[in-house]
Amino acid sequence: MAKKGILLVISGFSGAGKGTIVNRLIEKYDEYALSISMTSRAPRPGDVEGVNYFFVSREEFEKTIAENGLLEYAQYCGNYYGTPRAFVEKKLSEGRNVILEIEIQGATNIKKAFPESLLIFVTPPSAEELERRLRSRGTETEEAIRGRLARAHEESVGMDTYDFIVINDDLEKCVDEVHGIIETSRKQPVRMQDFIEDMKKQLDVYR
Ligand code: 5GP
């Protein structure tokens, strides 16, 4: 039987570089597929339909919930965000590892529904570095930076929900670290199961 892929949830502070890590992971290895979320928020300049999100109305979103079309969903800053079910199930059954880049409520619900999923939280090495990265973008007001830092404080409360914390101080190192986590957990349980099945068969003769 073909091996099922791993469901991988990546969350992190805004400014932690999780988007860059996910893009690099997909570029570097074929075995990953990125889930595109559905949202009721309006597209921002530069957002592309079907690439960043599937943009829908609140009504369409609620209809999709009612049809059980989402694997998880959450409200964030007054908008709905959710993971379309069909894509994830198809890719997992094809043996691909599926990445969900979602916030903590969604991550918690995924862990409840899929205990074998892996939850990774990406963070810069320190709060000082987080602030430095947010400032170095040079595009945001002092108020917006303060807002993002306050949000980071809120998000830090849920960090212990995650299976792994990955510190992003070097992109390539970080990408390999995430890939290493997946590789290890992919091999371990499968080998165990194979071993147990084989052992049971062998012991059957003594029944
Ligand atoms: P943004 O509006 O900045 O694109 O996203 C806001 C937040 O929603 C981010 O933390 C992002 O990770 C999260 N998010 C994006 N898609 C989903 C989803 O499908 N489900 C959940 N629970 N959160 C999502």
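Predicted model: local features only at pLDDT ≥ 70, side-chain atom pairs only at ≥ 80, totals over all residues.
1. **The overall picture.** Start by looking at the whole chain. The protein has 207 residues, and 38% of them are buried. Its secondary structure comes to seven helices and nine strands. Along the principal axes, the C-alpha trace spans about 75 × 40 × 30 Å. Now think about contacts between residues at least 6 apart in sequence: 67% of these join residues at least 24 apart.

2. **The largest pocket.** What is the volume of the largest pocket? The value comes to about 1400 Å³. Its lining is made up of 43 residues, and Lys 18, Arg 44, Tyr 53, Tyr 76 and Glu 101 are the ones nearest the centre. Several elements give two or more residues to this lining, among them strand E1 (7-12), helix H1 (18-28) and helix H6 (142-156). Sorted by class, the lining holds 15 nonpolar, 16 polar and twelve charged residues.

3. Next, please find the ligand in your viewer. There are 14 residues around the ligand, and Arg 41, Tyr 53, Glu 72, Tyr 81 and Glu 103 come nearest. In the side chain of Arg 41, an N or O atom is 2.7 Å from an oxygen atom of the ligand. Glu 72 has a polar side-chain atom that lies 2.7 Å from a nitrogen atom of the ligand. With Thr 83 the backbone takes part instead: one of its N or O atoms lies 3.5 Å from a ligand oxygen atom.

4. **Ser 40, a residue in a loop.** You will find Ser 40 between strand E3 (37-39) and strand E4 (53-55). Is Ser 40 buried or exposed? Ser 40 counts as buried because its relative accessibility is 13%, and the cut-off for buried is under 20%. Leaving aside residues up to four places away in sequence, Ser 40 touches Val 56, Ser 57, Arg 58, Phe 61, Asn 79 and Tyr 80. With Tyr 80 there is also a polar pair: a polar atom of the Ser 40 side chain lies 2.9 Å from the backbone nitrogen of Tyr 80.

5. **Ala 86, a residue in a helix.** Finally, have a look at Ala 86, which belongs to helix H3 (residues 85-93). Ala 86 has a relative accessible area of 59%, so this residue is exposed, the cut-off for exposed being over 50%. Leu 71 is 15 residues away from Ala 86 along the chain, and their C-alpha atoms are separated by 8.5 Å.

Terms used. Residues numbered from 1 in each chain as written. Heavy atoms only, no water. 1 Å grid on protein atoms, 1.4 Å probe; cavity = no way out; pocket = protein on both sides within 12 Å on 5 of 7 lines; lining within 4 Å. Points joined across faces, edges and corners; volume = space filled by probe spheres on them. Helix = DSSP H or I, 4+ residues; strand = E, 2+ residues; numbered from the N terminus. Nonpolar A, V, L, I, M, F, W, Y, C, P; charged D, E, K, R; others polar. Buried < 20%, exposed > 50% of the residue type's maximum accessible area, 1.4 Å probe, protein only. Polar contact = N/O pair within 3.5 Å; in protein donor to acceptor, adjacent residues only side chain to side chain. Contact = heavy atoms within 4.5 Å. Near = heavy atom within 4 Å.
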